[in-house]
Amino acid sequence: MVFYRLKDLIKAIRACKTHADERAVIQKESAFIRTSFKEENIELRHSNISKLLYIHMLGYPAHFGQIECLKLAASPLFSDKRLGYLGTMLLLDENQEVLTLLTNSLKNDLNHSNMYIVGLALCTLGNIASAEMSRDLCSEVEKLLGSSNMYIRKKAALCAIRIIRKVPDLQENFIQRASSLLNDRNHGVLLSGITLITEMSLASQETLLHFRKAVPILVRHLKNLVSAGFSAEHDVTGVTDPFLQIKIIRLLRFLGKDDVESSEAMNDILAQVATNTESSKNVGNSILYETVLTIMETPSDNALRVLAINILGKFLSNRDNNIRYVALTTLNKSISLDVNAVQRHRNIILDCLRDADISIRRRALELSFSLINESNVRVLTRELLAFLEIADTEFKPSMTTKICLAAERFAPNKRWHIDTVLRVLKLAGNYVREEMLASFIRLVTQTSEMQGYTVQKLYTALKEDISQESLTLAGVWVIGEYGDILVRGGSYEEEELAKEVSESDVIDLLESILAGPFANQVLREYIITALMKLTSRFSSSSSSERVKQLLAGFSTSIEVEIQQRAVEYTNLFQYDEIRPAVLERMPVMQMKETVIAGERLNSAGSGGSSAQAGSAAGPSDQDLLLDLMGIGTSGGTTNAQISTGAPTSSGNAQPNNIDLLADLFGGSDISSPPAASKPSAASVSGLFAGIGSPAGSPPPSANNNILDLLGGGMGASSPAPAATPAFANKPAASNGANTKKTFPVYSKNGFSIVFTPQRDSANPNVVNIMATFQNDASVSGGAISGIQFHAAVTKTQQLQMRPASASEISGGASATQLLKIANPQKTPVRLRLKVVYTTANHGPVDELSEFAGFPEGAY
């Protein structure tokens, strides 16, 4: 049955009870339409195309009607043109060659006297124009932008946006016409004109500078909209044309970025919009949100920024989850601009941690960590620990890391720091990262006055719960080191923990952990070593005999590492003259900043938390703020690479995720440092060779092998010496007072990079860094080509890179590239670098690294 009308076809398809019936109807109708097309039946062409488009909407093939759509578009009748252009937009795209046949029809219709036919042509061109078609019809669209008909001007402006996107070079043709659209009284024309100007400004910096002259005109339009009375034509829930207001404010944001003069011209109207716009409805909230973004991204007054942050604070009290999510995300981005203003809304942010929406909880959590400082660390940490207890499993790994980092930086005293980490271990010990555990052990070894307190707290915690792995590991290690202090009795304040502990109680606890359901291989290794150490801490011979019996039971373990430890420790009992020295207490570990490989501490920040190794007194508070803001290394970057800038390429990669506990108890393949004058001291310090041993280190001596009884490296082969790092952060010595300091950044494969920093004479907050690239042809083998140098800075800084002077360097020649870093908060300059080049001897090279070699506070 053939259906001659679209209405009949729709009824027949809807009457089908199965998909098979529907396919049968459509196949028959498609066959009829094909036959009609072949017979050139002009009378049925309009009806056939309408039915074919409906078939296309249902997802069935309709490509065979493309040419017929072009024929309809060339028809003199408006109804045929409308259907033909609609079919063309649905069945064709810019990549099909058939589209070139449409160019002539479009050109004729663009010059038609009927404005609705011109509108059809502009609409089609704006949807499917290719680059070639855009070049051919650009002049017609430009002419129509000056039409006296506002309907045509609006359509032409929207069509020009498509042309500019396809051929950016053509935007020069529209600049003059677009400027005239800003003076149009019709809101529709003004809206499309502002959209066109925004597109051109984003595509070209020169165009952006040109349209900055139009800021007063835009401010006038916005002021008229804000102060206008009721207009039924433009009113949306009590707000006059919110769409146009948002477009104007967004364009002001782009024009005012990094331009003080433009920003001053728009400050008053932005304050007026922020103050007078009603926030009870979504229309007003959308305008306020755009206003906040404009204030934050332009050099506005501090009072205006505080007003913007207060608006975001009001958003947090909104019942709409979408608005709250937007507010939290924006506050995360703007916290670097005014921390104190965001701090005022701390209580509302903390309330969001208990929101039912997981996305809001996630954003509130990120923002809460960014707010931590010396004055509020106790309050915020208490709230975060309370949330950790009920937090989703996916939050716990990052939460434990960030809480420990915050405690490490902002702890008011050592006692509070230890209590905080212990609380984390009790609540989420199965989610604590190795780096945090190693940092806690360093803290315990450094604070001798708190060792008794810590060991008894851990002992009590293990008596209550052994299900948290990190808590158990830390407790076993500390008890093994300071078991004698535990047995001597409590010297801490809390009476409920002041219990007398005997030697047998300690061994009973470790034995119960071994027999418990949570004991794995690593934990058994820790316990065996701790038991062995306790034989030199305890005075009772019965304790030593009991440990011997326990070790004998593991001498036949199927786990090779445990069996080896048990056998070696058992044999060590035969050497009582050296056993106390071998098992003596570990020396105080050097305090350094915790490095988290790959940890993202803020959603908008860089990879993980990192910093240079600190002094014995601990790192500065400013550096931790950077850590909490999510600034630092990416995954796989060790502490050595941060301080020396070593690349993370696969060939020279050092072992990452260095764990001091693993170093003490085994499993760490780290080459030993050069031997000192006293072999025993060098051997002990070798156990703490935490990160990045220098190249060419001698192999471990015999004394080192003896102390391997305390580690896990007996079964592992000695690691190869580390390769010399390609990146370096040590500044070169300057020759003379007037010589600018240079800092070697990279030197490998005959290609080297040197930084020469200097403060900008016009703006002291800006650092100009001249990167010089040099080619040593004797190593590279000739010219170095394809040079690409990329850099990224921390969130508190802004980077602008000028083009390099050359992308290819011949032998002995050099090239330069200028980097400008805006650093208003005077935070340490840290760069993440990527170097790409090709040499004759080494082929393509692609390496990543970090540079933080400038003296602290110098730039």
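1. Start with the overall make-up: this chain carries 38 helices and 10 strands. Keep in mind while you look around that this is a predicted model. Of its 859 residues, 52% count as buried. As for how the chain meets itself, take the contacts between residues at least 6 apart in sequence: 67% of them join residues at least 24 apart.

2. Now helix 2, residues 19-38.

3. Which residues of helix 2 are buried? The list runs Glu22, Val25, Ile26, Glu29, Ser30, Phe32, Ile33, Ser36 and Phe37. Because these residues cover an arc of only 165° around the axis, they sit on the same side of helix 2. Note that the buried set includes Glu22 and Glu29 as well as Phe32 and Phe37. Turn to the other side of helix 2 and you'll find Gln27, Lys28 and Lys38 exposed.

4. What covers that buried side? Among the elements lying over the buried residues of helix 2 are helix 1 (6-14), helix 3 (45-57) and helix 4 (66-73). Have a look just past the end of helix 2 too, where Glu40 takes a positive phi of about 55°.

5. Next, the pair formed by helix 7 (residues 115-128) and helix 8 (residues 131-144). Their axes come within 12 Å and cross at roughly 140°. Angles over 145 degrees would count as roughly antiparallel, and helix 7 and helix 8 are therefore described as oblique to each other. The contact is made by Val118, Leu122 and Leu125 on the helix 7 side, with Met133, Leu137, Val141 and Leu144 coming from helix 8. As for handedness, the crossing of helix 7 and helix 8 is left-handed.

6. Two loop residues are worth a click. Thr237 lies in the loop between strand 1 (235-236) and strand 2 (239-240). Its phi is near 50°, a positive value in a residue other than glycine. Is Thr237 buried, partly exposed or exposed? With a relative accessible area of 46%, Thr237 is partly exposed, given that exposed means over 50%.

7. The other one is Asp258, in the loop between helix 14 (242-256) and helix 15 (260-276). Asp258 is again a residue other than glycine with a positive phi, here near 60°. Its relative accessible area is 63%, so Asp258 counts as exposed.

Terms used:
Residues numbered from 1 in each chain as written. Predicted model: local features only at pLDDT ≥ 70, side-chain atom pairs only at ≥ 80, totals over all residues. Heavy atoms only, no water. Buried < 20%, exposed > 50% of the residue type's maximum accessible area, 1.4 Å probe, protein only. Helix = DSSP H or I, 4+ residues; strand = E, 2+ residues; numbered from the N terminus. Arc of directions from axis to C-beta. Contact = heavy atoms within 4.5 Å. Axes fitted to C-alpha atoms, helices over the stretch in contact; angles between N-to-C directions. Parallel < 35°, antiparallel > 145°, perpendicular 65-115°, else oblique. Left-handed = near helix turned anticlockwise from the far one by under 90°.
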